[in-house]
Amino acid sequence: MSGEPVLQARDLRVYYGTPGKPVRAVDGVTLDIGESEVVGLVGESGCGKSTLGRGILGLLPEGARADGEVIYGGRNLVTLSPRELRRLRGPDLGLVFQEPMTRLNPLLRISDHFHETLKQHEANLSDDEIRRRSLETLGRMGIPPTRFNQYPHEFSGGMRQRIMIALALVLRPKLLVADEPTTSLDVIVEGQILALLADLKRNFGTALLLITHNLGIVAEACDRMAVMYAGKIVEEGPVREVFADPAHPYTRELLRSTISLETTELHSIPGAPPNLIDPPPGCRFHPRCPDAMRVCAQLVPIEQRLDGGRRVQCWLHGPERLIPADGEQPLEREAIGVADEA
Ligand code: SF4
């Protein structure tokens, strides 16, 4: 990571209550997001990406419980009251959702949306200043001033998404979480939105957590990437290094499933992500992993740091020996079934 972290998640856990056991949607995630940095969060549907994005912002639905730390500005967001969190949202932390139409009020003009957003956080702003800041931000998103007084239904899907981004940016947040911001858009508009998001750090100094299942987007727009599987970040590092040499078999399989101009054969990862109420023991990817060893079904992998600022949770990368908690003799890799099968 370059620069100071804007936000640090430490052993973050988000569980959803069910009548039986809880759903462990985010299960011990550690992640730093640096100043002006774009971090891609990838993984299949149902791996906990959106929950992590919302957990970071304290925007969890009723029935969800968060534990651990999300340090922002020296405070742990997990322990803040809803009122304190609301105060931070907007001027400090912003969110762009997937479906802009469900977030824009069809009865309000775009100008009203900006007025409401700015007044909520900066009550003393004059109408002239609101108009100036709104038009400036919309202009950066390619929306001309002539459209300021129009209603949401008068815009295309791509323009509505740009308006949503502008609404999040008009408060100059230090960190923006964008959850699949291009999912419902065609490829041309998707490219435009991505270019805009990648420009955020240049224009506003905003750090961005970009949640997506699209690895092409990550390759184009992100500095670092975190790969999420079954509630855990299994690999994290600079985009270039991870793409060139994925350390975790799940990352490797995900990259193989990406369609590119060179693709001659479609690849998909057999099976599906596990039920997060009762995930498999040991490494959660082991039932689907082509490299699984005996140890993988028994023990949770211990995170290893690799060269180039990378982290990975996979027995293929170590450690060399295990120190049992009860102070018994250390176990060599052979004894836990690594070396003989790797
Ligand atoms: Fe595969 Fe084992 Fe690594 Fe998990 S720990 S990804 S099962 S090799």
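Ala, Val, Leu, Ile, Met, Phe, Trp, Tyr, Cys and Pro count as nonpolar, Asp, Glu, Lys and Arg as charged, and the others, Gly among them, as polar. Welcome to the exercises. This is a predicted model, in which local features need pLDDT of at least 70 and side-chain atom pairs count only at pLDDT 80 or more, while totals for chains, interfaces and linings use all residues. Residues are numbered from 1 along each chain as its sequence is written, and side-chain values use heavy atoms, with hydrogens and water left out.

**Exercise 1. Describe the shell around the ligand.**

Step 1: Find the neighbours. A residue is near a molecule if one of its heavy atoms lies within 4 Å of it. The ligand is surrounded by 14 residues, and the closest are C283, C289, C296, C314 and W315.

Step 2: Sort the shell by class. There are 11 nonpolar, 2 polar and 1 charged residues around the ligand.

**Exercise 2. Work out how the rings of F114 and F148 are arranged, and which parts of the chain they join.**

Step 1: Recall the rule. Rings of Phe, Tyr and Trp (its six-membered ring) pair if their centres lie within 6.5 Å; planes under 30 degrees apart count as stacked, over 60 as edge-to-face and the rest as tilted. The count by this rule is 4 aromatic pairs.

Step 2: Apply it. The ring centres of F114 and F148 are 6.2 Å apart and the planes stand at 50°, so this pair is tilted.

Step 3: Helices (H or I, at least four residues) and strands (E, at least two) are DSSP runs, numbered from the N terminus. F114 belongs to helix 4 (residues 110-121) and F148 to the loop between helix 5 (127-140) and helix 6 (157-169), so the pair ties together parts that are 34 residues apart in sequence.

Step 4: Check the burial. Buried means under 20% relative accessible area, exposed over 50%, partly exposed in between (1.4 Å probe, protein chains only). Both F114 and F148 are buried.

**Exercise 3. Classify how helix 4 is placed against helix 5 and against helix 6.**

Step 1: Axes are lines fitted to C-alpha atoms, for helices over the stretch in contact, and angles run from 0 to 180 degrees between N-to-C directions. Angles under 35 degrees count as roughly parallel, over 145 as roughly antiparallel, 65 to 115 as roughly perpendicular and the rest as oblique.

Step 2: The axes of helix 4 and helix 5 come within 10 Å and cross at roughly 115°. Helix 4 and helix 5 are therefore roughly perpendicular.

Step 3: For helix 4 and helix 6, the axes come within 10 Å and cross at roughly 25°. Helix 4 and helix 6 are therefore roughly parallel.
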